[in-house]
Amino acid sequence: MFRIFRTNLQVQTLRRGVATSSIQTNPQLPSHSYGHLPTSQSPITSTLHFFNSVMPDGKQIPTYRVLNGDGQVLDGAELPEIDEALARKMYEQMVQLPIIDNLLYNVQRQGKISFYMTAHGEEATLIGSAAALNNSDEVLGQYREMGVLLWRGFGYDSVMAQCFGNYEDTSSKGKQMPVHFGSRKYHFHPISSPLATQIPQAAGVGYAIKRDPLRRGKNCAVVYFGEGAASEGDFHAGMLLASTVPSPTLFIARNNGFAISTPASEQYHGDGIAARGPGYGIDTVRVDGNDVLAVLSAVREARRRCLEQGRAVLVEAMTYRVGHHSTSDDSFAYRPRQEVEDRKRIDNPIARYKKFLESRGWWNESEEEELKDRIKKEVMKAFRRGENLRRPELKEMFSDVYGGEEPWNLKEQREELKALLKKYGGDWEPWKKELKKFKGEGKEFIE
Ligand SMILES: Cc1ncc(C[n+]2csc(CCOP(=O)(O)OP(=O)(O)O)c2C)c(N)n1
Ligand SMILES: [Mg+2]
């Protein structure tokens with residue numbers, strides 16, 4: 001062992017152009033006399049000092065903010081480059097999210113869809129970041145990122161098609177649970193329920209972009225994840241991969257305070273998710289996730305760095321999950337109602353941004369009413385249409401499950417279904433009724 005160490009030390013010191021003679025002749029001298037460590041350029045100190053913070057004196061990492069809670073620009077803050085058209089589009093996109101969310105949440109309660117998740121409270125994080133990206137950047141979401149897809153033009157009919165699993169669902173032809181969107185056209189990779197799987201995948205996507213001469217320097221991979229998902233090993237695997245095999249991968253942590261019922265304070269003992277970035281040598285910023293202009297600036301700059309350096313960047317957006325985790329959750333079992341009511345008012349991302357727009361003369365009350373009316377009508381129309389469309393043809397259940405050739409197990413399952421439908425599908429009432437919901441009524445199996 002010792003011999004190997006000595007050999008490595010000599011190689012290192014030679015590489016750095018430092019004479020090895022003193023080390024070899026005076027092995028007893030304390031290392032601070034040399035300051036040349038085999039695996040680091042670390043300066044030598046004779047003070048025994050432990051540390052546990054990214055910031056000096058144990059201070060918390062600051063949060064970048066542009067607007068105060070009342071929508072006024074903070075002293076000294078620089079506004080992102082934004083014109084009236086972009087500013088209004090961002091507002092409209094934010095306002096539409098709770099309208100869709102409220103409708104589909106209630107639709108789930110009526111039993112018309114199996115599941116739903118809202119983005120209540122996180123509108124600024126989603127829309128501010130979506131606006132900062134290029135629409136052809138590859139997005140890998142967790143599940144609350146419908147707003148990013150809508151920003152890119154996905155449309156209400158596509159939202160309904162996915163949630164109802166009707167035959168217009170291009171995300172997965174009705175195979176996935178509601179909110180598990182995906183779209184090749186809009187560069188949005190399909191959502192998968194197991195937490196954090198998208199994080200190392202994103203480092204791979206970023207690397208693929210870097211290897212593609214047509215996309216290198218033009219696009220990045222963008223991965224959204226919750227602070228709870230960041231407790232998974234996959235988070236660390238993804239960060240390490242993007243750090244050691246450099247790639248333009250933009251990590252966006254949505255720190256909304258909860259992983260279902262577990263508060264963020266129980267997810268980490270350190271300074272949030274941002275504190276982990278420097279550990280991986282990754283440029284990092286913490287931003288007020290309820291301030292859409294701060295998110296816009298921070299993500300634009302993060303993306304610029306990603307492209308310029310071909311390296312990963314981490315953004316931690318501090319926000320609050322106003323809604324329940326999902327339709328399978330009642331959050332008042334683990335947090336006080338009053339806390340939620342308070343957070344709806346304090347730094348409300350939509351109200352705050354509205355005040356900013358009004359102060360610039362870019363928005364007024366009559367436009368507000370007109371906008372909400374229009375969105376509600378459009379969403380309702382898409383909902384009625386979506387719920388009445390049939391499901392995809394039954395045979396689609398087996399197509400596009402995997403890329404490439406269909407594996408033996410799917411073939412076997414399809415044959416089994418065919419045999420069962422031949423036997424019961426034409427006669428047994430519950431199955432006859434069920435088959436009517438599918439385009440083609442399963443005839444491709446029965447006849
Ligand atoms: C590997 C894995 N473990 C547990 C779950 C169950 N689960 C679904 S969402 C969730 C909480 C995630 O919280 P966070 O990442 O903070 O995202 P948020 O819901 O707050 O947006 C958990 C534990 C899962 N889907 N996958
Ligand atoms: Mg969370």
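User: How is the chain divided, and what separates the centres of domain 2 and domain 3?

Analyst: In this predicted model, the centres of domain 2 and domain 3, taken over C-alpha atoms, are separated by 35 Å. The chain is divided into domain 1, covering 2-49, domain 2, covering 84-388, and domain 3, covering 394-446.

User: How should I read the sheet, and which strands stand at its edges?

Analyst: Strands of a sheet pair through backbone hydrogen bonds, and the pairing is either parallel or antiparallel. Here six strands form an open sheet in the order 2-1-3-4-8-7, with parallel pairing. Strand 2 (188-189) and strand 7 (283-288) stand at the edges, and because each has a single partner strand, one side of each is left without a neighbour in the sheet. Within the sheet, strand 1 and strand 3 run parallel and are joined by three bridges, and Glu 138 stands opposite Ala 221 in strand 3.

User: Which residues of helix 7 are buried, and what do they pack against?

Analyst: An α-helix has 3.6 residues a turn, so residues three or four places apart point the same way. Helix 7 (residues 198-211) has 14 residues and reaches 20 Å from its first C-alpha to its last, close to the 20 Å expected at 1.5 Å a residue. Its buried residues include Ala 202, Val 205, Gly 206 and Ile 209, and the buried residues of helix 7 pack against strand 1 (138-140), strand 3 (221-226), helix 8 (233-244) and strand 4 (249-255).

User: How many residues surround ligand 1?

Analyst: Ligand 1 is surrounded by 15 residues, the closest being Leu 195, Gly 226, Gly 228, Ala 229 and Ala 259; the shell divides into six nonpolar, five polar and four charged residues.

Terms used:
Residues are numbered from 1 along each chain as its sequence is written. Chains are lettered from A and ligands numbered from 1 in the order in which they are written. This is a predicted model: local features need pLDDT of at least 70, side-chain atom pairs count only at pLDDT 80 or more; totals for chains, interfaces and linings use all residues. A residue is near a molecule or strand if its C-beta atom, placed from the backbone, lies within 6 Å of it. Ala, Val, Leu, Ile, Met, Phe, Trp, Tyr, Cys and Pro count as nonpolar, Asp, Glu, Lys and Arg as charged, and the others, Gly among them, as polar. Domain bounds come from an automatic or database domain assignment. Helices (H or I, at least four residues) and strands (E, at least two) are DSSP runs, numbered from the N terminus. The expected span of a helix is 1.5 Å times one less than its number of residues. A residue is buried if 20 or more other C-beta atoms lie within 10 Å of its own, exposed if 12 or fewer, and partly exposed in between; C-beta atoms are placed from the backbone. Two residues are in contact if their C-beta atoms, placed from the backbone, lie within 7 Å. Two strands pair if DSSP finds at least two bridges between them.
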